[in-house]
Amino acid sequence: LARHLQKEAQSQHNNSEFTEDQKKTIAKIATCLELRSAALQSTQSQDEFKLEDLKKLEPILKNILTYNKEFPFDVQPVPLRKILAPGEEEHLEFEEDDDEGGAGAGSPDSFPARVPGTLLPRLPSEPGMTLLTINIEKIGLKDAGQCIDPYITVSVKDLNGIDLTPVQDTPVALRKEDTYVHFNVDIEIQKHIERLTKGAAIFFEFKHYKPKKRFTSTKCFAFMEMDEIKPGAIVIELYKKPTDFKRKKLQLLTKKPLYLHLHQTLHKE
């Protein structure tokens, strides 16, 4: 919801039903939703954005066209960073890779920080059932060093591209080195392997921030099918965006041997 509100708040005047003041209020609501999301993921309890706070926003959102009081929280909209709703990158114009020349321009401090990764804990074990932990080690890219705030969105989809588990975002990458972006982060797949439908696949979308266009964009994606689930290391190929969850028109990102490096651990009682 935060992403959709953010998008509406940043829409051009002609394309929006809202006034500039209303858009500011919508952007502040989006900020509050992100604060609540971060609070839910935090283990520290101080200064968190509580459910009672969130409930104060409901009447504002319901009466957005007539609301003219002061906003109840001292928050700033985040207009610099455009957050796209899942799948929306597909409708953007494709940029050529070589327009990334100015990727390092500008001071990093001028960009607000992303909300931390949305990783979920491992499910409780069940007798006879298998859980999968995937360690995302690193991804090989020719311009790895130029990627700003890179992270990976992990999802499990059926053959029609429908989500079978909650979508998870990794935190921003640990470091960039030569032609690799290093993550070394564990993803707990949120369903027992035996309960995944036939033909399901686990998708990894590599995303990074584009300062020129001021939004976070998908650069490439990879996926792993059910017959590839086995303990140990695996490398999987990278494909060109937009992410093809139905796996119908796949195009390799490059002829160079670039891969996503993973390590799988199976847990069975």
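**Entry 1: a pair of strands**

I began at Ile 136, which stands opposite Leu 262 in strand S10. I took two strands as paired if DSSP finds at least two bridges between them. I noted that this is a predicted model, in which local features need pLDDT of at least 70 and side-chain atom pairs count only at pLDDT 80 or more, while totals for chains, interfaces and linings use all residues. Residues are numbered from 1 along each chain as its sequence is written, and side-chain values use heavy atoms, with hydrogens and water left out.

**Entry 2: the sheet around S10**

I then looked up the other pairing of S10 with strand S8 (residues 232-237), which is antiparallel and runs over six bridges; there, Leu 260 in S10 is the bridge partner of Ile 236. Both pairings belong to an open sheet of five strands, in the order S4-S5-S1-S10-S8 and with antiparallel pairing. Strand S4 (175-177) and S8 stand at the edges with a single partner strand each, so one side of each has no neighbour in the sheet. From one strand to the next the twist averages 25 degrees, where axes are lines fitted to C-alpha atoms and angles run from 0 to 180 degrees between N-to-C directions.

**Entry 3: the whole chain**

I counted four helices and ten strands in the chain, where helices (H or I, at least four residues) and strands (E, at least two) are DSSP runs numbered from the N terminus. Read along the sequence, the pattern is α-α-α-α-β-β-β-β-β-β-β-β-β-β. Of the 269 residues, 45% count as buried, which here means under 20% relative accessible area, with exposed over 50% and partly exposed in between (1.4 Å probe, protein chains only).

**Entry 4: the nonpolar cores**

Which residues touch the most other members of the largest nonpolar core? Among its 34 residues, they are Ile 136, Leu 141, Ile 202, Phe 204, Met 224 and Leu 260. The elements that give two or more residues to this core include S1, S8 and S10. A nonpolar core is a set of buried Ala, Val, Leu, Ile, Met, Phe, Trp, Tyr and Cys residues joined through side-chain atoms within 4.5 Å. Leaving out residues up to four places away in sequence, I found that Met 224 touches, among others, Ile 134, Phe 204, Ile 236 and Leu 262; contact means heavy atoms within 4.5 Å. Apart from this core lies another of 17 residues, among them Ala 2, Leu 5, Cys 32 and Phe 71. Cys 32 counts as buried because its relative accessibility is 0%.

**Entry 5: cysteines**

How many disulfides does the rule give? The count comes to zero, a disulfide being a pair of cysteine sulfur atoms within 2.5 Å. The sulfur of Cys 220 has its closest cysteine sulfur in Cys 147, at 8.4 Å, which is too far for a bond. Cys 220 is also buried, at 0% relative accessibility.

**Entry 6: a loop residue**

Last, I looked up Pro 121, which lies in the loop between helix H4 (58-62) and S1. Is Pro 121 buried or exposed? Pro 121 is exposed because its relative accessible area is 59%. Pro 121 is in contact with Glu 188 and Gln 190, leaving aside neighbours within four places in sequence. Although Pro 121 and Gln 190 are 69 residues apart in sequence, their C-alpha atoms are 8.4 Å apart in space.
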